[in-house]
Every structure is written in C-alpha cells, then in structure tokens.
Amino acid sequence: MNSIYNDKRDIQPVNIRNYGAIASIPDESANESGHQRRAKTNQHWRSASSSPRLVQQINSFERIAAEAVTGDYHKALVAMTINPIVPSDTIAKKYWMKCSKRIKETC
C-alpha cells in the first residue's frame, strides 16, 4: 500500500484473480504477479509458463487445503500429500498430526 500510495514506482508482488493469465488454472484462482504501480495480470504468462504442471499442482493443493479448513481430515491429508514440498504420504501424515495438534491448542 505504501508503494502505491507514495507512487514509488517499484515492483511489488500481489495476488490477483487469474482471469486467463495462466491457461492451466481456473480464472477464479489466485495468481501472484509482480507489477509496477498497479495490480494487473501478467498476460505473457499465458504462453510463457515454464512449469504448467507445477502451477496446476500448487493450485490443486491450495484449493483442497482451503476446503480442509472445516476440519476434514481426509481433505487435509490429500492436500498435504499433493503438496510438491512434501516427499511422501507418510511424511504428509506426520505433518498433519503436528498441524492438527497446533490447531487444537490454538483454538
């Protein structure tokens, strides 16, 4: 906000609706984009995305994780399993056990 308000003309990463900028994910999905002065979709990503499978995988993880917020153990486990930084379903279960314990302590 400071950058925009003070017209610093620097580049800030912002999350905006995809609106077709990345063809492999739905329009309503978030798209992180770095732009000067205003949030605007990077239209050149439409054909330049170097890892469309990774983008799809991250998008799927985010959507399922958002659905799992209701406390659905199975959706949470699926989300953690498809997260590209989680190397196996066994480790996903361990991560989920730690996360769910922290969630219960916080709530």
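**Entry 1: N83.** Not counting residues up to four places away in sequence, N83 touches Q57 and F61; contact here means heavy atoms within 4.5 Å. N83 sits in the loop between α4 and α5 (89-106). Helices (H or I, at least four residues) and strands (E, at least two) are DSSP runs, numbered from the N terminus.

Is N83 buried or exposed? N83 is buried, at a relative accessible area of 12%. The cut-offs are under 20% for buried, over 50% for exposed, and partly exposed in between (1.4 Å probe, protein chains only). I also checked the side chain of N83: one of its polar atoms lies 2.9 Å from the backbone nitrogen of I85.

**Ground rules.** Residues are numbered from 1 along each chain as its sequence is written, and side-chain values use heavy atoms, with hydrogens and water left out. In this predicted model, local features need pLDDT of at least 70 and side-chain atom pairs count only at pLDDT 80 or more, while totals for chains, interfaces and linings use all residues.

**Entry 2: overall layout.** I counted five helices and two strands. Along the sequence the pattern reads α-β-β-α-α-α-α. The protein has 107 residues, and 21% of them count as buried. I took the contacts with a separation of 6 or more; residues 24 or more positions apart account for 30% of them.

**Entry 3: confidence.** I checked pLDDT, the predictor's confidence in each residue, from 0 to 100. The protein averages 77, and 82% of the residues score at least 70. Where pLDDT is low, the predicted coordinates should not be read in detail.

**Entry 4: helix α4.** Which residues of α4 are buried? They are A76, L77, A79 and M80. They lie on the same side of α4, because they cover an arc of only 160 degrees around the axis. The arc is that of the directions from the helix axis to the C-beta atoms. These buried residues pack against α3 (52-68) and α5. At the start of α4, a side-chain oxygen of D72 comes within 3.0 Å of the backbone nitrogen of H74.

**Entry 5: K93.** I moved on to K93, in helix α5. K93 is partly exposed, at 42% relative accessibility. Leaving aside neighbours within four places in sequence, K93 is in contact with Y73 and L77. K93 and Y73 are 20 residues apart in sequence, and their C-alpha atoms are 10.0 Å apart.

**Entry 6: salt bridges.** How many salt bridges does the whole structure hold? My search finds three. The criterion is a side-chain nitrogen of Lys or Arg within 4 Å of a carboxyl oxygen of Asp or Glu.

- R9 pairs with D7, the closest N and O atoms being 3.5 Å apart. R9 is partly exposed at 48%, and D7 is partly exposed at 35%.
- E28 pairs with R63, with 3.1 Å between the closest N and O atoms. This pair links distant parts of the chain, 35 residues apart: E28 is in the loop between β1 (11-17) and β2 (30-36), R63 in helix α3. E28 is partly exposed at 47%, and R63 is partly exposed at 33%.
- E67 and K75 meet at 2.9 Å, N to O. E67 is partly exposed at 41%, and K75 is partly exposed at 32%.

How values were computed: Polar contact = N/O pair within 3.5 Å; in protein donor to acceptor, adjacent residues only side chain to side chain.
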